[in-house]
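Me: I would like to go through the charged pairs and the strand arrangement of this protein with you. Please take it step by step.

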Amino acid sequence: MELEPSQPTSARWLDSLPEQARRHLPPAVWAYVHAGAREGTSTAEATAAWRDVRFRTRVLRDGGEPDLGTRILGHGFTSPLGVAPTAMQPVVHAQGERGMARGAEAAGCLHVVSSNAGTPFADLGARHWWLQAYLPPDREDFLPVAVAAAAAGATALVLTVDTPYPGTKYAADEADWTGIDLSWWRVNYPRRDPEGALWKAVTADDVGWLGESTGLPVVVKGVLRGDDALRAVEAGAAAVYVSNHGGRQLDRSVSTARALPEVIEAVGDRTEVYVDGGVRSGLDALAALALGARAVFLGRPALQALAVDGARGVERLLSELSAELADALALAGCRRPEEAPDLLPAAGTAGR
């Protein structure tokens, strides 16, 4: 007997992650990690935007078992899913960035380390990983950080371009942080930047300078427009990363699900495009792939999984989401992620 659509066959561990993480984290840390900017509108809209995407499934094909293997900037990974750069990992779990790195690698996924990390790069024990870059006002101050990252295995820099300074968040006040050690902040910087040291907007010139100065490919993160994506490519970006910073910068910014098609149309096949923001299921990931993303990154869910069970939690998160994505691909009549863009409704038809 078939079950009614409203009857789930089992509870989903992934759905329990936010509440489990809340129980593991100090209230101030929970509030900081999950806050959106201002009214939280962009943060609240993120997941629903992926759910609006509809698929045209393919039939009468014998594609075999799904294979999620993906090449991202020339390196092979087991899945197109990855971990977005996030701070606060040392206070989320004792394993900190080491746990995130081990979990991601165990699942065969790429992960991006925050430049605010509290773990020395040499202690990550990771193979292929990327470093997120916040450029200080004195750009030269970042070069020793990039050199140390490259020596420890970083294969690309993810230049965050949407944060001349942190957006306002109505989160926990300073008193709530009593007893929480933040002395590890930016441990990989020879000179720790004081709070508010990001007061200088990133320009196209910085993209070229960073690539030339470090010899590493530069991924430009924080793009929501097609013209900005083209500007990044023309400035020397190796890839473009569609992101609204988890809704933590300008509130009411367009969701990444809405921004992604414009970026894909603008850059065509000139570069790889990645995305994050609100992805909570394999179906969400399939939607991102169908819209043209090469890789799909997760931020808050990865922090939640780390909080709940360290490296094992991160591995479980990525493995379960990859299994959901494989299932969705197979049901859609696809074998590999690069076949997903054929699933979108034809132009001029309803469904997105």
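Reply: A salt bridge here is a side-chain nitrogen of Lys or Arg within 4 Å of a carboxyl oxygen of Asp or Glu. This is a predicted model, in which local features need pLDDT of at least 70 and side-chain atom pairs count only at pLDDT 80 or more, while totals for chains, interfaces and linings use all residues. Residues are numbered from 1 along each chain as its sequence is written, and side-chain values use heavy atoms, with hydrogens and water left out.

Me: How many salt bridges does the structure hold?

Reply: Side chains of opposite charge can pair when their charged atoms come close. By the cut-off above, the number of salt bridges in the structure is 17.

Me: Which parts of the chain does the salt bridge between Arg252 and Glu39 tie together, and how many residues apart are they in sequence?

Reply: The side chains of Arg252 and Glu39 meet with N to O at 2.8 Å. Helices (H or I, at least four residues) and strands (E, at least two) are DSSP runs, numbered from the N terminus. Arg252 lies in the loop between β8 (239-242) and α9 (256-267) and Glu39 in the loop between α2 (27-34) and α3 (41-51), so the pair ties together parts whose separation in sequence is 213 residues.

Me: Is Arg252 buried or exposed?

Reply: Buried means under 20% relative accessible area, exposed over 50%, and partly exposed in between, with a 1.4 Å probe and protein chains only. For Arg252 the relative accessible area is 59%, so Arg252 is exposed.

Me: What separates Glu320 and Arg316 along helix α11?

Reply: Glu320 forms a salt bridge with Arg316, with the closest N and O atoms 2.6 Å apart. Glu320 is partly exposed at 26%, and Arg316 is partly exposed at 39%. Because the two residues are four apart in helix α11 (residues 300-331), the separation of Glu320 and Arg316 is about one helical turn.

Me: Which strands make up the closed barrel?

Reply: Two strands pair if DSSP finds at least two bridges between them. Strand β4 (residues 110-113) and strand β5 (residues 129-133) pair in the parallel sense over two bridges. The closed barrel has eight strands with parallel pairing, and their order is β3-β4-β5-β6-β7-β8-β9-β10.

Me: Which residue in β5 is the bridge partner of Val112?

Reply: Strands of a sheet pair through backbone hydrogen bonds, either parallel or antiparallel. For β4 and β5 the sense is parallel. The bridge partner of Val112 in β5 is Trp130.
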